[in-house]
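Me: I have not worked with this structure before, and I would like to go through some terms with care. Here it is.

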Amino acid sequence: MKLHEHQAKELLKKYGLPVPEGRVAFSLEEALQIAEELGEYPLVVKAQVHCGGRGKAGGVKLVKNQEELKQAVEGMLGKVLKTFQCPEGKLVSRVWIEKATNIQKEYYLSITLDRAVSKPVLMASAEGGMEIEEVAKEKPEAIHMLHIDPALGLMPSQARRVAFKLGLPVNEFVKIALALYRAYMDLDASLVEINPLVLTKEGNLILLDAKVEIDDNALIRHKDLEELEDLTQLDPLEVEAKRYSLNYIKLDGNIGCMVNGAGLAMTTMDIIKLAGGEPANFLDVGGGANVEQIANAFRILMADQNVKAVFINIFGGILRCDRLAQGLIEAAKMVQIRVPVVVRMEGTNVEEGRRLLAQSGLNFINAEDMWDGAKKAVELASKS
């Protein structure tokens, strides 16, 4: 679950981390009131969307007076902000207004999980303010990576070494790094990113921007954080899928996928591309899916107008093939099937599942194996 910048800063401030003084506004009236409370210009107005690259897209404005503030806020609120990371854009329903900072130099600092070694990793760079992916591609030596033993936590000596490498005020950086790690662990975060971490002309370190992502699987321990999710930043189909505990992510292709198991779902998307097609989504119905969940999953696939064919790829283990077939038959009663559907089933009760589909009178296309299913789905999508 992604948090807005203002939510991340408000959380990190509780850990004693230095963030610019600011407030969130949902209207021009609130923005004007906040500007009055902050006391003086210049101020910075930031569109709150779950997209990187806001500054280049006009989503961050320095304002020097009330008139410029009005223009900036009116130019953002209620508008769709398109960035290179979100070419289709995100609706701006709130803005963050904060005091301007005297910037001397920008740095990058983050903590995330390195799944290759199953440890948190602290990443820092003197190339702040840029996309870290570009830095990693163009100047990988500029990124300092420090793996953290989860049993010991981040040690002050480790943070000091990073501070020396970056040429930052050591004591201040150590306090920030240790507090950031505490926040990362306490919040069950999958990512805490500060870009940029700013050294001001006064010699202080400030978290000028903050991104926090919470592990969805840990939200059961953080009901207060769960309430922070802004559903307007999600695709409507993803919001619908969350209602039914389905793991769904919309993509740009035209072949809908329904699979059980994240690994098999990734493989299915890969084999569709190998066959010359493009997947329209990631959809994992899970091992314990019931008839209702499968029916809802199918309804979500049909709601995507880009989908020209569906590839259902199920390995029947916990989710038996006969249960899948029952779900598909029920879905067909509730949803108009407007595209061809290719079904590949293997595993528990596969013969019963195939019998149910064959006797249903519905136009499902059987596949001999995964490769056969992918080729058929790609061919059918190209004809639609």
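Me: What volume does the second largest pocket have?

Reply: The second largest pocket has a volume of about 350 Å³, where a volume is the space filled by probe spheres set on grid points that are joined across faces, edges and corners. This is a predicted model, in which local features need pLDDT of at least 70 and side-chain atom pairs count only at pLDDT 80 or more, while totals for chains, interfaces and linings use all residues. Residues are numbered from 1 along each chain as its sequence is written, and side-chain values use heavy atoms, with hydrogens and water left out.

Me: Which residues line the second largest pocket, and which of them lie nearest its centre?

Reply: Its lining is made up of 17 residues, and L113, R115, A189, S190 and D215 lie nearest the centre. By class, seven are nonpolar, four polar and six charged. β10 gives the most to this lining, with three residues.

Me: What makes a set of residues a nonpolar core, and which residues have the most contacts inside the largest one?

Reply: Such a core is a set of buried (under 20% relative accessible area, 1.4 Å probe, protein chains only) Ala, Val, Leu, Ile, Met, Phe, Trp, Tyr and Cys residues joined through side-chain atoms within 4.5 Å. The largest has 43 residues, and L12, L109, L122, F173, L197 and I214 have the most contacts inside it. α6 gives the most to this core, with ten residues.

Me: Which residues is I214 in contact with, leaving aside its neighbours within four places in sequence?

Reply: I214 is in contact (heavy atoms within 4.5 Å) with M1, L3, L187, D188, A189, S190, L219 and L225.

Terms used
On a 1 Å grid over the protein atoms alone, a cavity is a set of points where a 1.4 Å probe fits but cannot get out, and a pocket is an open set with protein on both sides within 12 Å along at least five of seven lines; lining residues have an atom within 4 Å of a point. Helices (H or I, at least four residues) and strands (E, at least two) are DSSP runs, numbered from the N terminus. Ala, Val, Leu, Ile, Met, Phe, Trp, Tyr, Cys and Pro count as nonpolar, Asp, Glu, Lys and Arg as charged, and the others, Gly among them, as polar. Buried means under 20% relative accessible area, exposed over 50%, partly exposed in between (1.4 Å probe, protein chains only).
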